[in-house]
Amino acid sequence: MKPASRSFWLETLPELGKFRITIAVSFTTITGFILATGGLSLTVVLPTLGLFILACGSSALNHYQEAATDAIMERTRNRPIPSGRISLSGALIVGMIWVLTGSVILYLCAGFVALQLGLLALLWYNGVYTPLKKRTAFAVIPGSLIGAIPPAVGWVAGGGAVSDPRIILVAFFFFIWQVPHFWLLLLKYGSEYENAGLPSVTRFYSDSQIRRMTFIWTSGTIATALMIPLFGLITSWVPLVLLLLGCLWLFFAFVGLLKPAGTTLNPGTYFLKINLFAVLVMVSLIMDQFI
């Protein structure tokens, strides 16, 4: 590890902390905060920063855990550890510093419950999901709990109760959404998982079967999104119409997954669409608080 290197700070650390993913996680945290407070204030900055740093630490520990597998897969062999840009011990040290720093910030600025939720996400990701995906091709289903927690952290930081049915529904939406999100990645990279010795649904099911399962889970994601207005989270007609149009768009966009076997499919396009749908749902939720 060479901390003085400019590329270390600008390239290696952001990749080690999976900044693109953790920034998205931060956005769901902010969404939870806005839903709890009914607005946006500077109070959200430090709790979001705490969770962001904690998530970066969890990601760095994941790099440490999966270094051997990453070295085998084409998609991951250029990650910081396999490429030699940082050592195993260096990644572990950075990860632990991030975890401790994020935990302290989260505790001081959002309270003990928020810290518990943040640590639950870390333990579930690094202690449950990461080992489990080496044993079962369906690890993504329990693993999806990880994405359900950040909006709850924001909600608690904004003074909401973690047992409130409204935030439970929002968390459930992100839980359901993550399954088709991941299976679309398998349609694209499933063979690499198999070559690395990881169990993959592509080993047990054909592409057409995985497409149908993905469509079913996507339909479940849409159904969950349609429940949001029923819980009083969207009451204004503009965000409501936006949500409904988004649900219709996603449904008809994903009907293409049901095309006959052998039909050319670009999983990356569908992956982008389901991610855009998650953004649209968050925008609808946030917009309702300001109308």
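Guide: A salt bridge here is a side-chain nitrogen of Lys or Arg within 4 Å of a carboxyl oxygen of Asp or Glu. The model is predicted, so local features need pLDDT of at least 70 and side-chain atom pairs count only at pLDDT 80 or more, whereas totals for chains, interfaces and linings use all residues. Residues are numbered from 1 along each chain as its sequence is written, and side-chain values use heavy atoms, with hydrogens and water left out.

By this rule the count comes to five salt bridges, and one of them pairs Glu 66 with Lys 133, whose closest N and O atoms are 2.9 Å apart. This pair links distant parts of the chain, 67 residues apart: Glu 66 sits in the loop between helix 3 (45-65) and helix 4 (67-72), and Lys 133 in the loop between helix 6 and helix 7 (140-143). Helices are DSSP runs (H or I, at least four residues), numbered from the N terminus. Both Glu 66 and Lys 133 are buried, where buried means under 20% relative accessible area, exposed over 50%, and partly exposed in between (1.4 Å probe, protein chains only).

Asp 70 pairs with Arg 79, with the closest N and O atoms 3.3 Å apart; Asp 70 counts as buried because its relative accessible area is 3%, and Arg 79 is buried because its value is 18%. Arg 77 pairs with Glu 74, again with 3.3 Å between the closest N and O atoms, but Arg 77 counts as partly exposed because its relative accessibility is 36%.

On a 1 Å grid over the protein atoms alone, a cavity is a set of points where a 1.4 Å probe fits but cannot get out, and lining residues have an atom within 4 Å of a point; points are joined across faces, edges and corners, and a volume is the space filled by probe spheres set on them. A search of the whole structure finds one cavity of 30 Å³ or more, and the largest cavity has a volume of about 80 Å³. Of the 13 residues that line the largest cavity, Lys 133, Ala 137, Phe 182, Tyr 193 and Pro 199 are the closest to its centre. Helix 9 (residues 165-195) gives the largest share of that lining, three residues.

Key
On a 1 Å grid over the protein atoms alone, a cavity is a set of points where a 1.4 Å probe fits but cannot get out, and a pocket is an open set with protein on both sides within 12 Å along at least five of seven lines; lining residues have an atom within 4 Å of a point. Helices (H or I, at least four residues) and strands (E, at least two) are DSSP runs, numbered from the N terminus.
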